[in-house]
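Work through these exercises with the model open beside you. Try each task before you read its solution.

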Amino acid sequence: MKITARHSVAPVIAGLVLALGACAQGSATKTENVAATAGGPVTIRYMNFSANGGHEKDLDAIKAAFEKANPTIKVQIETTPYDAYFTKLQTAVAGGTAGDSFELNYENFVTYTKSGALAELSGVDGAAYKKSLLEAFQADGKQYGLPESFSNVVLFFNKDLFKAKGVAAPTADWTWKDEQAAAEKLTDKAKGVWGDYQPISFFEFYKALAQSGGQFLNADRTASTFNSTAGKQAAAFLVGKAGKTMPTEADGAGTPDFDSKLFKSGKLAMWHTGIWMFSGNADAKFGWDVAVEPGNTQKASAMFTNGAVVSATSKNKEAAQKWVSYLTSADVMTDLRLKTSWELPPVADEAKLASYLKAGKPENRQAVFDSLDATVLPPVVERQQELQDAVTKELTAAAAGRKTVDQALADAQKAVDALLK
């Protein structure tokens, strides 16, 4: 499964808001006539990154099916590698040459919505999509994009290690306490076996924070709110594993593919990671499965999603919305994504996902969709990468014993608040 959303980080789009200041917020309720003219059908442009590197033919197949169903609309596809995509898109949007529709990951969706670059969509069939995915592309109660695909994080576990130690396997009802208790029983340092692995990073912290009922930023994103009781619980949960039930940096933790190699070697009992790791572990020499990640006071699963939007400056908004609606909900899209492991379709009808649920290891693939019932999206600010680095740096210092959890959170808050000014 090719995943483009897991490590997607909103770039610093310097000047984007100013560049688009003169652009009126578009609305798909006020659109030009998209019927075929005497010169032929309307042509719309679609810019994307996720088809690059192996799924170009799949996107072309969806386009062909759409054009057959909508003979008055033609779609011109422009696919750009992820590394260059957002630079190209930023330039195009600021210069008024962006496609009628284009692809955005969630982080960049937040930025582009604030800038006024996106058209409001109307008449959306919300029932076609998983509720949490649809809501990810809303702002101020309005729909500015449609979910195109998703991936998320679940709890992998080695069934053989659990059985050997007589420990009950994880269930959807597990809490942090259950996970910690199991990890302690499963850890055997003398044999190089660890009970748990969860990266000590920004990505895991904001999720654990939500699992304790906390918020990372205030409502208007002007100040951080994670240095709280919930934040201290989340940080202590992550940091407390290091060296006890989870490898430390000295053991190699944090190096490329360390966690993947450890799990596949049969030396790791539980692993917090994404569904994109299913195929890489299909040939593991032991039994393994997945469960919804445990929570503390509540459930909160990390979700990574890409969406399709319509440009506020498009002259063919209605046609563009028809295209993005088809692209994100049509049966041909669902079938192709499942057949080619091109991330997962955002559809609500689980009957259409039967082939995925029966696709082999892991057995409990239903956990992937159950995780969508309670999700958390990453906090997004203009200086996103700096924010992520600041939080990870302080948590790492706490895990290494250079700072207390309280001091690390206080220092992280100071650094993040400075970035928000």
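**Exercise 1: Two packed helices**

Task: Find how helix α7 (residues 176-186) and helix α9 (residues 229-239) pack, and give their angle and the distance between their axes.

Solution. Step 1: The angle between α7 and α9 is about 15°, and their axes lie 12 Å apart. Helices are DSSP runs of H or I with at least four residues, strands are runs of E with at least two, and both are numbered from the N terminus. Axes are lines fitted to C-alpha atoms, for helices over the stretch in contact, and angles run from 0 to 180 degrees between N-to-C directions.

Step 1: Therefore α7 and α9 are roughly parallel to each other (angles under 35 degrees count as roughly parallel).

Step 2: W176, E179 and Q180 of α7 meet Q233, A234 and F237 of α9. Contact means heavy atoms within 4.5 Å.

Step 3: Sort the residues of this contact: 3 are nonpolar, 2 polar and 1 charged. Ala, Val, Leu, Ile, Met, Phe, Trp, Tyr, Cys and Pro count as nonpolar, Asp, Glu, Lys and Arg as charged, and the others, Gly among them, as polar.

A note on the source: this is a predicted model, where local features need pLDDT of at least 70, side-chain atom pairs count only at pLDDT 80 or more, and totals for chains, interfaces and linings use all residues. Residues are numbered from 1 along each chain as its sequence is written, and side-chain values use heavy atoms, with hydrogens and water left out.

**Exercise 2: A covered helix**

Task: State how many residues of helix α8 (residues 202-211) are buried.

Solution. Step 1: Apply the cut-offs: buried is under 20% relative accessible area, exposed over 50%, partly exposed in between (1.4 Å probe, protein chains only).

Step 1: In α8, 10 of its 10 residues are buried. Among them are F203, F205 and L209.

Step 2: Look just past α8, where G213 has a positive phi of about 85°.

Step 3: Leaving out residues up to four places away in sequence, F205 touches several residues, including F216, F226, A234 and L409.

Methods
Parallel < 35°, antiparallel > 145°, perpendicular 65-115°, else oblique.
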